[in-house]
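Dear colleague,

I am handing over the structure below. My notes on it follow.

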Amino acid sequence: MDIVSRNIDWSKTDALIFDMDGTLWDAVDSYCKIWIECFRRFGIEREVSRDDLISLMGKPLIDIYHCVAGRRPQVPAEQFMPMLEQLEIEMMPGLGGTPYDGVVEGIERLSQAYPIFLLSNCGADGLNNMMRHIGITDYVTEAVTFGETRLQKDENIRRIMERHSLRQPVYVGDTQSDCTSTHRAQVPFAFASYGFGTCDCPDIVFDTFSELTDFFKSIKQ
């Protein structure tokens with residue numbers, strides 16, 4: 001653990017908001033299968049590898065599509081995206097992902113001291129599927145997705161704060177874009193260094209989820 005911002009009173013944390021991919025679990029291999037199947041539905045044989053997607057995790061699906069499909073996609077986004085989201089709803093319950101060590105028990109422990117929120121740029125059913133798959137639904141106050149709101153992450157953070165009267169939630173993510181959005185919403189950012197991305201201006205860094213759990217539990221004792 002590394003506390004980078006010394007001017008934050010962490011004891012004032014009144015909620016924890018978690019990103020999904022790269023923070024709570026790794027489902028990239030499953031996403032690759034869904035993307036490949038979606039291209040096939042349009043008669044296109046295209047391989048989508050883990051390396052293709054992993055650097056794009058955290059972005060809205062439409063942005064990922066523009067990167068994967070190229071500047072001149074064979075299928076218009078307005079046709080491809082609804083199919084992709086439908087296939088994710090159909091396929092992800094069977095494919096799932098792998099939670100990082102300490103996540104399931106950590107979320108349960110943290111929920112005893114904080115309201116727990118999930119916020120991801122995934123499709124509308126992405127968070128619900130993940131919660132069901134790893135068994136944390138009962139510990140989560142609210143799950144918010146880009147697929148539902150069509151809002152950027154900083155706007156969704158503000159909506160959560162307003163709806164639940166929060167003053168100093170902490171957003172936990174694993175990419176620079178997570179950090180930028182969090183700071184735009186004017187709340188502290190905790191960087192999950194074990195995830196997919198990098199970050200050059202976090203407020204606090206955790207190398208494991210168990211380390212994160214122990215820290216936030218300790219400041220409420």
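A disulfide here is a pair of cysteine sulfur atoms within 2.5 Å. A search of the whole structure finds zero of them. The sulfur of Cys201 is 3.5 Å from the closest cysteine sulfur, that of Cys179, which is too far for a bond. For Cys67 the closest cysteine sulfur is in Cys32, 14 Å away, again too far.

The model is predicted: local features need pLDDT of at least 70 and side-chain atom pairs pLDDT 80 or more, while totals for chains, interfaces and linings use all residues. Residues are numbered from 1 along each chain as its sequence is written, and side-chain values use heavy atoms, without hydrogens and water.

On accessibility, buried means under 20% relative accessible area, exposed over 50%, and partly exposed in between (1.4 Å probe, protein chains only). Cys67, at 48%, counts as partly exposed, and so does Cys201, at 31%. Of the 221 residues in the chain, 52% are buried.

The chain has ten helices and nine strands, which are DSSP runs numbered from the N terminus (helices H or I, at least four residues; strands E, at least two).

Helix 3 covers residues 61-69, and its buried residues are Leu61, Ile64, Tyr65, Val68 and Ala69. Seen down the axis of helix 3, they fall within an arc of 115° and so line one face; the arc is that of the directions from the helix axis to the C-beta atoms. Their cover includes helix 1 (28-41), helix 2 (50-54) and helix 4 (77-95), where contact means heavy atoms within 4.5 Å. Just after helix 3, Gly70 takes a positive phi of about 90°.

Regards
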